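Here are some notes to read beside the model on your screen. Take the points one at a time, and find each place in the structure as you go.

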Amino acid sequence: MGDERQGFVPDDTAFARALETLKRDGSNILLVGSVSADVHEAACRQLLGATERHSRYRLFVTDTNDRAACGATADATSERVRTIRYSTAGTGSAEQPEADSGPPSPGTLGIRIVETIDELAETAGGFEPSELRVCVDSLLPLLDDHDAETVFRLLHVATARVDKARGMGHYHVPLEPDHDVVNLLEPMFDAIVTVRSRDGAAEQRWYLREADTTSGWLEL
């Protein structure tokens with residue numbers, strides 16, 4: 001739900017109002033679709049908002065060995081951008097010295113996410129609505145290595161901190177929307193965005209859980 005809203009003006013006024021509420025109050029979005037990385041990346045860029053906006057603060061959380069998107073974006077460096085790189089394969093982390101053996105636990109990762117958002121909040125002097133944008137790319141390595149309850153606890157910590165900041169977080173799960181994993185995770189999120197590629201064009205469809213309403217397919 002980037003600021004540009006390209007191809008993103010539903011006729012349903014209630015739907016548009018619900019989207020604005022998510023942006024104003026904070027939201028966490030599950031981004032799904034078994035498509036190529038460039039489609040996920042297009043959705044990721046839109047959800048992150050315009051890069052030329054100097055008021056944005058961005059946090060990327062990414063597995064060094066398994067990304068769905070944001071490969072180039074997450075390498076950006078700025079006082080307004082933070083990247084937490086971890087490895088479920090046990091090859092070290094950008095936030096931890098290589099001498100620290102083994103991958104970080106979800107509990108440790110959750111603490112790092114909260115601490116990093118706190119650091120950005122201090123830099124910002126407090127966040128305005130939707131000023132903080134968070135990308136988690138992707139949840140599959142964590143789900144492969146840990147039981148669902150452990151990953152749920154991590155997501156609860158991360159989503160609660162994003163909500164507190166009135167930020168916008170999105171979490172990549174490159175699977176079909178009817179996959180068991182997606183069904184398991186859905187209740188933790190405010191919206192589920194499905195992406196697809198049709199006739200060479202990237203498209204998105206939104207489902208807003210609280211309003212229980214779904215958009216049509218919209219061009220990214």
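## Notes on the predicted model

1. Let us begin with serine 130, which sits in the loop between H3 and S4. Please keep in mind that this is a predicted model. Serine 130 has a phi near 65°, a positive value in a residue other than glycine. That is worth a second look, because most residues other than glycine have a negative phi. Is serine 130 buried or exposed? Its relative accessibility is 4%, and since buried means under 20%, serine 130 counts as buried.

2. Now compare your view of aspartate 199, found in the loop between S6 and S7. Aspartate 199 also carries a positive phi in a residue other than glycine, here near 55°. How does its surface setting read? Aspartate 199 has a relative accessible area of 77%, so it is exposed, the cut-off being over 50%.

3. Next, move to the loop between strand S4 (132-137) and helix H4 (140-145), where you will find serine 138. Which kind of peptide bond joins aspartate 137 and serine 138? The bond is cis, with omega at about -15°. Serine 138 is buried, because its relative accessibility of 2% falls under the 20% limit. Its side chain reaches the backbone nitrogen of leucine 140 at 3.3 Å.

4. Here is a step back to the whole chain. The protein has six helices and nine strands. Of its 220 residues, 48% are buried. Among contacts between residues at least 6 apart in sequence, 65% join residues at least 24 apart.

5. You will find glycine 33 in the loop between S1 and H2. The C-alpha atoms of glycine 33 and proline 174 are separated by 5.0 Å, although the two residues are 141 residues apart along the chain. Leaving aside residues up to four places away in sequence, glycine 33 touches His40, Val173, Pro174, Leu175 and Val195. With a relative accessibility of 1%, glycine 33 counts as buried, because that value is under 20%.

6. From there, follow the chain into helix H2, residues 37-48. H2 has twelve residues and reaches 16 Å from its first C-alpha to its last, close to the 16 Å expected at 1.5 Å a residue. How many of its twelve residues are buried? Nine are, so H2 is mostly covered. The buried residues are Val39, His40, Glu41, Ala42, Ala43, Cys44, Gln46, Leu47 and Leu48. They pack against strands S1 (27-32), S2 (57-63), S4, S5 (168-173), S6 (191-198) and S7 (201-208). After H2 comes glycine 49, with a positive phi near 85°.

7. Serine 78 lies between S2 and strand S3 (81-86). Its relative accessible area is 37%, so serine 78 is partly exposed, between the 20% and 50% limits. The C-alpha atoms of serine 78 and tyrosine 57 are 9.4 Å apart, and these residues are 21 residues apart along the chain.

8. The largest cavity has a volume of about 60 Å³. Its lining is made by Val61, Tyr86, Leu109, Ile113, Val136, Leu139, Leu142, Leu154, Leu155, Ala158 and Tyr171. Helix H3 (106-124) and helix H5 (148-164) are the elements that give two or more residues to this lining. H5 gives the most, with three residues. What classes of residue make up the lining of the largest cavity? The lining has eleven nonpolar, no polar and no charged residues.

9. Finish with an open space, the second largest pocket, whose volume is about 190 Å³. The residues that line this pocket are Ala18, Thr21, Leu22, Asp25, Gly26, Asp190, Leu208, Arg209, Glu210 and Ala211. Helix H1 (residues 13-25) gives the most to this lining, with four residues. By class, the lining of the second largest pocket divides into four nonpolar, two polar and four charged residues.

Notes:
Residues numbered from 1 in each chain as written. Predicted model: local features only at pLDDT ≥ 70, side-chain atom pairs only at ≥ 80, totals over all residues. Heavy atoms only, no water. Buried < 20%, exposed > 50% of the residue type's maximum accessible area, 1.4 Å probe, protein only. Polar contact = N/O pair within 3.5 Å; in protein donor to acceptor, adjacent residues only side chain to side chain. Expected span 1.5 Å × (residues − 1). Contact = heavy atoms within 4.5 Å. 1 Å grid on protein atoms, 1.4 Å probe; cavity = no way out; pocket = protein on both sides within 12 Å on 5 of 7 lines; lining within 4 Å. Points joined across faces, edges and corners; volume = space filled by probe spheres on them. Nonpolar A, V, L, I, M, F, W, Y, C, P; charged D, E, K, R; others polar.
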